[in-house]
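The following note sets out several points for a colleague who wishes to examine this structure at the level of individual residues. Please read each point with the structure open.

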Amino acid sequence: MQRKHITGFICLAVALVVMVITGRNFLSLKDLGTIVPGPGVTEQKMLSAYFDGIEGTNMDTEVYIMEGSSPGGKMLILGGTHGNEPSGYLSAIAFIENATVESGTVYVIPYTNHSGMTHNDPQEASPQYIHIPTDNGVRTFRYGSRASNPVDQWPDPDVYVHAASGQQLSGSETRNINRAYPGRPDGTPTEQAAYAIAELVRNEDVNLTFDLHEASPEYPVINATVSHEKGMSVAAEGVMELQLKGIAMSLEPSPTNLHGLTHRELGDYTDTIPLLMESANASQGRLRGATNEALALTGIDKAYVKSEALGFLYVPYDEKGHPIEERVGRHLQGIIEYTKAYSAQYADAPVTFIGVPTYDDLFLSADEADLGGVQLGRYLH
């Protein structure tokens, strides 16, 4: 009998240790790391300032405001719509930490779906973190999920019905904020976060909105910009400038029958010009090999080299992969060129800024040893 008691005590102790370790790990996932505001940041507030229904919840997220010394237009940058697309939020963070706005005002939300940054997609073997070496030490960033954390919103319905259009999608899309716009104040937590962003756009009279994404190499809309019809002239001019700089970029019209996305609903329900950019992220794809931090940062994958040779991909792929420097560089150069095009066409409300790392700074000026986060780290403080 005494032996049974000892065995039971040992099992209980082991269970308690496992519970403590896993509990601490779970709580640590809510820490997304520190963002170091650059000299261009003039104010910080929470998204709940625009809709208090998300205040105190895991959907609330920081908004960085960068106001220029001269009047002008308003611009919004959305990173972290999907937490497993790191170039989106790293581009937004690089803008926050380096840019100085000269005219107009720029609003930056690095973690648009804050809840999605606090967990991983199940059964995807995704890394929990990515690490970027900087001059001040290694910066740690979360590798999150495409959808809101089920701890914050559960259960998923069998069918997700987009409230504004009646469009029906898989039930799992109910936690995808980029299927929730324009949102609704009495909806799910994800819809409420989308509504808060739409309220920011309306209340601040935002003229131009960027939504930064990544896609798997086998996804047709890749190395592309998707524009609402009212932004086509701005997008077309920007695409030409990117192509003249040697950056392959296609222009896709926002489908009128695909609802819930920024480039459709923010264009329909607000006055902003919404543009969505996609870069190539191998760690999201279905044809990838081992899923790890190196893949997320370097994009080097033998499986994708073979897939490209077989004609399965929509983006060129070789042994050099598509490193994070290339992907962040594409987003930041896109923001630069599209903003220039907007300011030229809407000269009464320009947005101008300096200090943003370019595609050349991040990618073309680096050798292979500098890629995979090293060169990017030189622009993170």
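1. Helices and strands are named here as DSSP runs, a helix having at least four residues and a strand at least two, numbered from the N terminus. The model is predicted. With these names, the element that gives the most to the lining of the largest pocket is β9, with 3 residues.

2. Two or more lining residues come from each of β9 (208-215), β11 and β12 (273-280).

3. Nonpolar side chains tend to be buried together in soluble globular proteins. In the largest nonpolar core there are 57 residues, of which Met-75, Ile-77, Phe-95, Phe-210 and Ile-335 touch the most other members. Helix α8 (residues 324-345) supplies the largest share of this core, 8 residues.

4. Which residues does Ile-77 touch, not counting those up to four places away in sequence? They are Ala-92, Phe-95, Val-106, Tyr-107, Val-108, Ile-109, Phe-210, Leu-212 and Ile-335. A second, separate core has 25 residues, including Ile-65, Leu-76, Tyr-195 and Ala-198.

5. Strands β10 (residues 224-227) and β11 (residues 250-253) run parallel and are joined by 4 bridges. Ala-224 stands opposite Ser-250 in β11. Together with helix α4 (residues 232-244), β10 and β11 form a right-handed β-α-β unit.

6. Is Thr-262 buried or exposed? Thr-262 belongs to helix α5 (residues 262-269). Because its relative accessibility is 2%, and buried means under 20%, Thr-262 counts as buried. Not counting residues up to four places away in sequence, Thr-262 touches Leu-78, Asn-178, Tyr-181, Asp-211, Gly-267, Pro-274 and Leu-276.

7. One runs from Trp-154 to Pro-155, with omega near 0°, and Pro-155 sits in the loop between β6 (137-142) and β7 (159-161). Another joins Tyr-181 and Pro-182, with omega about 5°; Pro-182 is in the loop between β8 (168-170) and α3 (189-203).

8. Asp-205, a residue other than glycine, has phi near 55° and is found in the loop between α3 and β9. Its relative accessible area is 54%, so Asp-205 is exposed. Asn-223, likewise not a glycine, has a positive phi of about 50° and lies in the loop between β9 and β10. With 13% relative accessibility, Asn-223 counts as buried.

Note on methods: Residues are numbered from 1 along each chain as its sequence is written. This is a predicted model: local features need pLDDT of at least 70, side-chain atom pairs count only at pLDDT 80 or more; totals for chains, interfaces and linings use all residues. Side-chain values use heavy atoms; hydrogens and water are left out. A nonpolar core is a set of buried Ala, Val, Leu, Ile, Met, Phe, Trp, Tyr and Cys residues joined through side-chain atoms within 4.5 Å. Buried means under 20% relative accessible area, exposed over 50%, partly exposed in between (1.4 Å probe, protein chains only). Contact means heavy atoms within 4.5 Å. Two strands pair if DSSP finds at least two bridges between them. A crossover is right-handed if, with the strands pointing away from the viewer, the path from the first strand over the helix to the second runs clockwise.
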